[in-house]
Amino acid sequence: MTLQNGLPVFSLTQDKILRGNKAYKTVTTPGQSLLKRQLALLNNLTGVLLLVHLVAGFNLPVVAETASNFEHMRTTSNEQTQARQLFIEALLLLRENKAFAARQILERAAELEPDNAAIHCNLGLAYQNSGNVTQAMHEFANALKLKPNMPEATLNTAGCYQSIGKTQEAIEWYKKYVHNNPHAPETKQVKDIIKALEISLGKPGSDPSCADYFDSITGEGTYRWPSTSLPIKVFIDPAEDVEAFRESFHQALLESFDAWMLATQNRLAYVLVQEKSQANIICEWTSNPQEVSEANTQSERGMAHIYAKDGNIRHATVKILTRPMLDQGSVSDDDIKKACLHELGHVLGLQGHSTNNHDVMFFTVDTSTVWPVLSKRDKATIARLYEKYPKLADPTPPVVPPQ
Ligand SMILES: [Zn+2]
């Protein structure tokens, strides 16, 4: 894994592109999602990687002790053999991001073999991936009780603290990992995370209990659609040949536009246009994960770009992935809605992320704590961004008839 500028990969990239008058800025926001082992925590525009570690088997050096336990088990207990089978079954499910199913199996395995740290560690991960951070931390603690300093459980505990915005605690746990595993392949990365977290600590807007996260989304400049561009002209690609696309996705995208407009108390408005060339915002769908990833970023659900000059957004593009990143399954309408809300938040000017895992603009929407609706803080943040704009008395009907 490569690192750039001392920061971990999966960071929010901000490139200046030189075009014509050299004054345009493009801000690229990779879509957010969980990738089995790794999450991007984009905190206050500081790219911070959150590591999530799965115990992949019993032959890893780190769980060598457990491996020998299992060797022993084969000849001793039917229950322990069963626990091993369940562990393997759950591992496959975790790899497919089917955390809920994995959780049920690992709970059974933990009953059969309560003293196995690897089972507790992966059970913790299953909880973490299904949004229950409290229970996840409880299971990582169980693993650490059985196997003090277990590297995966240590990293995952750090990740949990990071995901709930307890940065100081996250730093302490990451440091503990570095101290105990100075030569592990991840150590360099973990050191970079510590550095990035230390920088982000105390930055304005990082407190997840504030009424809004305005400071987090304006840390590197404030971007707005100028009032002269209203209503914003939106083109939505019909996605005729896009694999896994469903008509309900189109609806989810429209509802997401409506939700953000309403949150500005109708200070923003949009119209749909039939021609791409007329549009300010171009929305497209893709079934190819590569199209929502950029070099040195890892993203899954979508990608948003804005092109701005002097803080005024001139043009924006959004691309949403129609299928899961890691398998051939399908995504739910709720998942698509969350991705649409998140990416549209970026193109409407929210250039950063919330540290509160109940906000749609949290760094990942792949957690059950994020619902497919705007939170109070999401609404308050965009309302504040456009508070000086006049309310549009009669919002324009959302469709411009073809000419
Ligand atoms: Zn984002």
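These are my notebook entries on a predicted protein model.

**Setting up**

I number residues from 1 along each chain as its sequence is written. Because the model is predicted, local features need pLDDT of at least 70, side-chain atom pairs count only at pLDDT 80 or more, and totals for chains, interfaces and linings use all residues.

**Confidence**

I began with pLDDT, the predictor's confidence in each residue, from 0 to 100. The protein averages 77, and 73% of the residues score at least 70. Next I looked up the elements: helices (H or I, at least four residues) and strands (E, at least two) are DSSP runs, numbered from the N terminus. I find 12 helices and nine strands. Strand 1 (residues 13-16) has the lowest mean pLDDT among the elements, 23, while strand 5 (residues 232-236) has the highest, 97. Over residues 1-51 the pLDDT stays under 50, and residues 295-299 also stay under 50. A note to myself: where pLDDT is low, the predicted coordinates should not be read in detail.

**Burial and contacts**

I call a residue buried if 20 or more other C-beta atoms lie within 10 Å of its own, exposed if 12 or fewer, and partly exposed in between, with C-beta atoms placed from the backbone. Buried residues make up 48% of the 403 residues. Two residues are in contact if their C-beta atoms, placed from the backbone, lie within 7 Å. Of the contacts with a separation of 6 or more, 68% join residues 24 or more positions apart.

I count strands as paired if DSSP finds at least two bridges between them. Strand 7 (residues 281-286) runs parallel to strand 9 (residues 312-321) over six bridges, and Ile281 has Ala316 as its bridge partner. Strand 8 (residues 302-309) pairs with strand 9 in the antiparallel sense over eight bridges; here Lys309 is partnered by Asn312. Two residues lie between the strands of this hairpin, where Asp310 takes a positive phi near 50°.

**Cores**

A nonpolar core is a set of buried Ala, Val, Leu, Ile, Met, Phe, Trp, Tyr and Cys residues joined through C-beta atoms within 7 Å. The largest has 54 residues, and Val234 and Ile281 touch the most other members. Helix 10 gives the most to this core, with eight residues. Leaving out residues up to four places away in sequence, Ile281 touches Ile232, Val234, Ala316, Val318 and Val347. A second, separate core of 39 residues includes Ala83, Ile105, Phe140 and Ala153.

**Helix 12 and Arg377**

The buried residues of helix 12 (residues 376-385) include Arg377 and Ile382, and they pack against helix 9 (214-217), helix 10 (247-263) and helix 11 (333-347). Why do I call Arg377 buried? Arg377 is buried because 21 other C-beta atoms lie within 10 Å. Arg377 and Ala211 are 166 residues apart in sequence, yet 5.9 Å apart in space, C-alpha to C-alpha.
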